[in-house]
Amino acid sequence: MHALAGVSLEVKQGEFFGLLGPNGAGKTTLISVIAGLARADAGRAAVMGADVVSEYRRARRLLGVVPQELVFDPFFTVRETLRIQSGYFGVRGNDPWIDEVMHHLDLASKADTNMRALSGGMKRRVLVAQALVHKPPVIILDEPTAGVDVELRQGLWQFVRRLNREGHTIVLTTHYLEEAEQQCHRIAMLKAGRIVALDSTRNLLQTFSGLEARVRLDADWPPERLPAMAGTVVAYEGPRLTLRLESARDLEGVLAALRECGLSVLELELQPPDLEDVFLRLTGRDAR
Amino acid sequence: MSGFRTLFLKELLRFWKVSVQTIAAPVLTALLYLLVFAQALEGRVRVYEGVPYTEFLVPGLVMMSVLQNAFANSSSSLIQSKITGNVVFMLLAPITHLEFFAAYVAAAIVRGVVVGLGVALVAALFVPLRTEALAWALAFAVLGAALLGALGLLAGILSEKIDQLAAFQNFVIMPLTFLSGVFYSVHSLPPAWQAASHANPFFYLIDGFRYGFFGASDVAPALSLAVLAVSLALVSGVALALLRSGYKLRT
């Protein structure tokens, strides 16, 4: 039984990369291999050229990982936790950066609070801060917004986008497809340990999802008398018609066919492509 | 080296924050042993020539405290980190297996020696203590704590649950320390039990430590030190190999 099989993938420097897939697809295993938490039976992983096994010290200095599990050391306060994590990475006198990270993650008021006394969302923020103490050029966020309120989510994305703009490479796994759609430049979809899609977010949406066009006609028209059109009619209710199009180019043909029947379009609404459709089509099951 | 330094300081801070439990409680336990055994056995057990039983007992109790607390420190710290999952923060960091080992063992030595000192200082209020060869006592305390610290680390690596660790502590560490001659001189035992005691490595730790106080021991301190050094090398070798392979820490 292999959690991963034949995954070959390169994330470019400075990219905001999404790793999507249903539970058990192998996302966390892949991250664990990169982070050195798990050893692959075969194959090789490297962070900015540093092999995660033979050059593990360099690889780990280049990498910041936000683990999925909400783990913490109950003996320490937030600031102590971040100082200790800095020390593990050989960063001393790190308080100015620790203060900045705490400020951006809205943790400053909790600096001297024991980890045990924090809410789940606050603990999640500390996990993010811990991954950033050594200013790693590559940051992996494994489900960073699982169980997190809207306010933190927005604050977190703002901060992560800023880090990305400043040149940090971001790899994100998430169950929230709209997040991946909003944040990621490129996406890999995993299913049962294999990559089933790997492309830019835009291409994935165009290739797999198509467009949905909702049309209101000026007359009630029997569906059997509609002309053959580019695009599939998915719903027809009185004068309201819903069509699935391969791309926006098909729209002209649809409108022309309707005109030939003497029908005019009173309203036209185009539904943008949705990553969830792509995801469902590729993984063949509900993602949430 | 920074990984070692931080991990070592973190381990010290960890037991210091709960010092009532990690320092005061074991000192009190040792003093209760001293009180009860001194009361029950003083004048009834023959130990070294010219050494009263209570005076003989104190170094044994000090060393027992050193050993048990060194073991408790590394083993409980690691198992707690494994169970709560926060061991991941150390595993994600560029800490070598040698730094990891050294930090846990060094912190175990500090905890063991601090508790031992506490027991000695409080005992000295009631019992006169002589120190014929203090350097030997110090060497045995530090190396003995290192051995138990390494053993604790090993137990912490191998255990997956608290009760597995507790079994190791109750069925291996406790009997070996209790039967190591803390409460008696093995010379007073029947020959078969004397031989059995000599097979217990902890006996050499207690005996060598006691030599530092009385200048007298059941076996030559150099032999005890050799047994201790070999045991330490063996246990450290196994612990380092497991840490290096990531056994039960990395999947």
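Trainee: Why is Ala139(B) called partly exposed?

Mentor: First, please note that this is a predicted model. Ala139(B) has 17 other C-beta atoms within 10 Å. A residue is buried at 20 or more such atoms and exposed at 12 or fewer. The count for Ala139(B) lies in between, so this residue is partly exposed.

Trainee: Where does Ala139(B) lie?

Mentor: Helix H6 of chain B, residues 134–158, contains Ala139(B). Between the C-alpha atoms of Ala139(B) and Gln21(B) there are 26 Å, and the two are 118 residues apart along the chain.

Trainee: What makes Ser86(A) buried or exposed?

Mentor: The count of other C-beta atoms within 10 Å of Ser86(A) is 22. The cut-off for a buried residue is 20 or more, so Ser86(A) is buried.

Trainee: Which residues are in contact with Ser86(A), leaving aside its neighbours within four places in sequence?

Mentor: Ser86(A), whose place is in helix H3 of chain A, is in contact with Val91(A), Asn94(A), Ile98(A), Val133(A) and His134(A).

Trainee: How do you know whether chain A is compact or spread out?

Mentor: Chain A has 10 helices and 12 strands. Its radius of gyration is 24 Å, whereas the globule rule gives 19 Å for 288 residues. The value is well over the rule, so chain A is more spread out than a compact globule. The C-alpha atoms of chain A fill a box of roughly 75 × 45 × 30 Å along the principal axes, and 39% of the 288 residues count as buried.

Trainee: What makes chain B as compact as a globular protein of its length?

Mentor: Chain B has 10 helices and 0 strands. The globule rule gives 18 Å for 251 residues, and the radius of gyration of chain B is 18 Å, so chain B is as compact as a globular protein of that length. Its C-alpha atoms fill a box of roughly 60 × 35 × 35 Å along the principal axes. Of the residues of chain B, 50% count as buried.

Trainee: How many residues of chain A are in contact with chain B?

Mentor: There are 25 such residues in chain A, and they meet 22 residues of chain B. On the side of chain A that touches chain B, helix H1 (27–35), helix H2 (56–61) and helix H3 (78–88) each supply at least two residues. That side of chain A divides into 12 nonpolar, 6 polar and 7 charged residues.

Trainee: What makes H2(B) and H5(B) oblique?

Mentor: The angle between helix H2 (residues 19–41) of chain B and H5(B) is about 45 degrees, and their axes are 9 Å apart. Roughly parallel requires an angle under 35 degrees, and roughly perpendicular runs from 65. H2(B) and H5(B) are therefore oblique to each other. H2(B) passes H5(B) in a right-handed crossing. The residues of this contact divide into 11 nonpolar, 2 polar and 1 charged.

Trainee: Why are H9(B) and H10(B) described as oblique?

Mentor: The axes of helix H9 (residues 201–214) of chain B and H10(B) cross at roughly 135 degrees and come within 9 Å. Roughly antiparallel needs an angle over 145 degrees, so H9(B) and H10(B) are oblique. The crossing of H9(B) and H10(B) is left-handed. Among the residues of the contact are Tyr204(B) and Tyr211(B) of H9(B) and Leu225(B) and Leu228(B) of H10(B). The contact divides into 8 nonpolar, 3 polar and 1 charged residues.

Conventions
Residues are numbered from 1 along each chain as its sequence is written. Chains are lettered from A and ligands numbered from 1 in the order in which they are written. This is a predicted model: local features need pLDDT of at least 70, side-chain atom pairs count only at pLDDT 80 or more; totals for chains, interfaces and linings use all residues. Two residues are in contact if their C-beta atoms, placed from the backbone, lie within 7 Å. Helices (H or I, at least four residues) and strands (E, at least two) are DSSP runs, numbered from the N terminus. Ala, Val, Leu, Ile, Met, Phe, Trp, Tyr, Cys and Pro count as nonpolar, Asp, Glu, Lys and Arg as charged, and the others, Gly among them, as polar. The radius of gyration is taken over C-alpha atoms; the globule rule is 2.2 Å times the number of residues to the power 0.38. Axes are lines fitted to C-alpha atoms, for helices over the stretch in contact, and angles run from 0 to 180 degrees between N-to-C directions. Angles under 35 degrees count as roughly parallel, over 145 as roughly antiparallel, 65 to 115 as roughly perpendicular and the rest as oblique. A crossing is left-handed if the near helix is turned anticlockwise from the far one by less than a right angle, and right-handed if clockwise.
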